[in-house]
Each structure stands twice: as C-alpha cells, then as structure tokens.
Amino acid sequence: MAARSASATAPAAGRTDRENARIEITGVTKRFLTPSGDAFTALRDVSFTVEPGQFCAVVGPTGCGKSTTLGLVAGLDKPSEGSVKVGGREVTGITDGTSFMFQADALLPWKTVLGNVAMGPIFKGANKKDAQALARDWIRRVGLAGFEDHHPHQLSGGMRKRVAMAAALINEPSILMMDEPFGALDVQTKAIMSNELLGLWEQLRPSVLFITHDLEEAVALADRVVVLSAGPGTVKEIFDIDLPRPRGSVQEIRFDTRFLELHHQIWETLREEVQRSYARTTGENA
Amino acid sequence: MSANTIASTSVQPAAKKTGLSIRRKRKLKIHAAQIGFAVVMLGGWQLFATNKWLGVDPFTYGKPTLIWDSLYAYFTKGDQATEFGSYWLQIETTLREAGLGFLLGTAVGVVLGVLLGMNRFLAEVMDPYIKIFNSIPRIVLGEIFLVALGLGELPHLLLAAVLVFFVVFFNAFQGVREVDRNILANAKVLGAKRLAIVRHVILPSALTWIIASLHSAFGFALTGAIVGEVIGAQRGLGLVIATDQGKFDSNGVYATMLVIAVLALAAEWIITQVEHRLLSWRPPSPSETASI
C-alpha cells in the first residue's frame, strides 16, 4: 500500500527537480581500442542538449556511434574527450535515475514477469513485498494484467517489450534511454508500442534519448531529432519537431502535412550519410 | 486487450490424451530395448564364460551367475561380508566421501569460478597456476593426500573434491563470462549493487552451466573416492575391490562395480530432479529458446 501511494506522488515530486533531467553533451569524442591495437573513433566532437522532459531522437546510419552515446550518458562508459553532464553534474559513475531499454530485451529469462518488473525497486533497496505491489501496478499499466506468473519465453515479442517498458519505468526515471527498442518488432506491433510509450511518457515526462534508424518513428515520437553523420559520428544537424502534443496515434500522424514536410527535410540530410555509410561497408566487403 | 490475442497454451483434451499415449509408447519401447540389450550382453557373457569360447575364462572375466552369488553373499553375510565390516558400511563410507567431496568441490568451484569470472585481472593472474594444478595427475595427488593425512576418510574426500572442483570451476567461470551484456548493463543502470548483480543476474545465469557440469561431477566424485580407497584405506568400496583383486576374485570385483554403477545412476537421477526444479523456467525445447 505504501508503495502504491509513493508511486502516485512521485511524478509530482519529479516535476519540481526537473533540472536533474537535463542532458548536456559537449565536445564529446570517444575512441575505442580495437583488438589489433588501433584506435577507432566512434564519436567526434559531438554536442547536443536534451532539455528536461524532452523527447530527443538520435538518427543516423549504422555504425555512427548512436549506442555509444547512450552508454556515455548512462555512465557505463567514459568519453575520451569532452564532457557529458546530467542535471548539471559531470557523469562519473552510473547515472542516477536513468533507465535503459534495448532492442534485444534485457529480461531475466529465469524470472517471471512479476519478478522482472520488480527488479528495479529491489535493486534500489525496496523490500520484496512493496516491490511486487508496485510491479503489479505497472504490469497493469502496460496492459499485461494476468500474465504476472509467465516467464519471458512464454510471451510474444510485443508482450516482452511491454514487460521491458514496465521494468524500465517502474523506478520513475528522470531519464529514459532507448536503443532501438522496437527495432525487432513487426510494423503493427511497433506502432502500438510507440503509442503506449507516448502515453506513459506523457504521464511521467522523463527526458528521453531515443536511438533509432527509422526516421518516421523519430519524427512521430520526438520533440527534437539529432542527425549523426556516418562514423566517426558527428552531429550533422539538429531539427526541432514542432508537431503539437499530444500527438495521438503514430499511424495517423504520418499523413499530417507538417509531418511529411519535416520528414522530407530531415531525410534530405540523412540520405547522404546513409549512402556514404553504405558505400563504405560494401566497398570494404568487396 | 493483448490478453485476448495470445494463443492459449491449453490443448484439446482428446489431442492431449493421444499425445500422452504416444509418449508412453515411446518410453515403453526404449525401456524394452534397454532390457533387451542387457539380456543379450549378460546372456552372451554367461554363454561365452561357461563354454570358454574365444578364451573367455570365468577366472579372469567372471561369470554373471557367479557375480550374482558374490553380490548375494555381500548383502547377506552381515558383519562377516568383508574383512572390514558389513558391505553396507563400505557403501556408506564411499558415499560419504564422494558426497562430501562433491559438496566441497562444488562449493569451492562455484565460488572461485564466479570470482575469477567477474574479475578479469585476477583471472589472468591465476590462469597459469590453475593450469599447473590441473595438470597434476590425480593418482599422484591421491598419494600425496594419503601420505599427508593418513588412511582415514579425509584424503579420499579431498581427492573427490579436487576432481569435482575442476569440472565445476571451469563451467562456473564460463557461465559467468557468458552473462548477457545487455542484462548486466540494465541491472547496473537500474541501480543494482555488485552483490545484487551477483545474486540476481550472474548466479542464476551461470546456473545453467554449473548444473550441466554437476552430472559428470558426481561421477568424478565417486571415481575420486574409490581411486583413493584403492590406493590406501581402512574401509570403502575401493578397498573391497582392491582386496578382491588381491584374492583373484574377479566375480567380487564385478559385483562391487555393479553396486557402484547403481549408486552412480541413483545420484544421476537425483541431480536430474534438482536440475528440473532449479531450471523449471526454461522453455521445453531448445529450438524455442533460440527464438528468444
């Protein structure tokens, strides 16, 4: 019961310290050491900002360091140069108040749906009973009531995504990072999941950093679209999406004239990069 | 809403019934073939040994009926069954050594495997030493233990533990290394402390590997205990075998080997039950896991 009331008050509390949710990436370069001993530059001098509560999509061709960016913001990795700040503070360890969603769902296959969703509060130190009560609430919110005792392998791809979504949102993160979360889903399921994500996001309003290669998805969901160039990744252009909120169904917004305009505009920028990246990979293979 | 779209997993009762009977028939067939195999092997052995065909002499190769007689004698003569007390006492001794050695080896193997699996630096430092230790012939190790610790049960227990340790250790180590990177990153981002990660992510994930190793590990524990007893002991099945061998009683040796086989099968059954319990979350067939 205590957990239930805590969940009800948390969004309001989150709104007051919104500044925690600003992501500032300034002049970030990230190099990796390849197994052969060479330095590989994944990101070069990348700068952009995600305002608190903003939905920011990052698009770019494959291998442009999109996922690297996420790792840096989450604190899983450190930049070689430049700074990543969350809420005005330099990221040094694991960033507090963030959640992750991957393309391959990071669910624990040996835990039930309930156990998986309850992991967030348990990792934060909640006791099992409160964690499970909160998890039940979130399972209901993502429309999976009745599946608490199923194991991930018994669920469809879309249902597993719902579980991952509940697991990512249960701690009410101030920052939500998504790495092509719906990339492996079929088109219809993807649209449904996108709508649900928007619904939940509008309730909690975390800052979202959403990595995708699907431009339509990026424009339909985001307030801001960052286009990265082919590797090493640099920011090519940043677009603000002025489509009104709430957006409603992502399937319908695709026919909106402003949507088409923006989509066309961004695609012009992106196309060059995609072609360059494609030419390079095929050239290397030949 | 999505609840309605999920294909129900329940099957029509009639279909279920035929499915069950097909499974039962298959099982029956396998059991019949297994019994048939034993009959052919034992019957052939008996036939060859009785007629001394192809040089099969019952003096060296034994004879099933005589083995049965030895077995019968072992279990009916009470305290007089062996020079070291009743046959049950020997079984108990060997099982205790193997069982405790198994537990010890498994515990140390899991702890060290997880520790080194999580700490790359430590793993690379310890790597040559583990290889050196692993290269020591177990027989030599057994004799060292006997010289150091005497003829009691402890050296046998330790030999069993060493054999078990390496199997479990390498599996636990590999299991930890195979933990899904995404799951690890996710747990870290959700705020999991190191210990929570070990408990909720690393151990359960490595458990599949560890349990797979336990099947062969108990066989190794039995082997370790018995080899130790053959080298030198005051009690145990290995000592019974060594004594019978000294008396050129091949039937006695085979009888004890049969008992050991039964023990190994029983232990295997228990481990399989534990495996089913601990890994009940796994999907029924491996082809399905591939699609996750």
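In β10(A), A:Phe239 is the bridge partner of A:Val225. Strand β9 (residues 224-228) of chain A and strand β10 (residues 235-240) of chain A run antiparallel. The two form a hairpin with 6 residues between them. Strands are DSSP runs of E with at least two residues, helices are runs of H or I with at least four, and both are numbered from the N terminus.

This is a predicted model: local features need pLDDT of at least 70, side-chain atom pairs count only at pLDDT 80 or more, and totals for chains, interfaces and linings use all residues. Residues are numbered from 1 along each chain as its sequence is written, and chains are lettered from A and ligands numbered from 1 in the order in which they are written.

An open sheet holds 4 strands of chain A in the order β2-β1-β4-β5, with antiparallel pairing. Two strands pair if DSSP finds at least two bridges between them. β2 (39-50) and β5 (89-90) of chain A are the edge strands; each has a single partner, so one side of each lacks a neighbour in the sheet. In β5(A), A:Arg89 is the bridge partner of A:Val86.

| Strand pair | Bridges | Direction |
|---|---|---|
| β4(A), β5(A) | 2 bridges | antiparallel |
| β9(A), β10(A) | 5 bridges | antiparallel |

Helix α5 (residues 157-169) of chain A packs with helix α6 (residues 187-204) of chain A at about 15°, axes 11 Å apart. Therefore α5(A) is roughly parallel to α6(A) (angles under 35 degrees count as roughly parallel). Axes are lines fitted to C-alpha atoms over the stretch in contact, and angles run from 0 to 180 degrees between N-to-C directions.

Definitions and conventions
Parallel < 35°, antiparallel > 145°, perpendicular 65-115°, else oblique.
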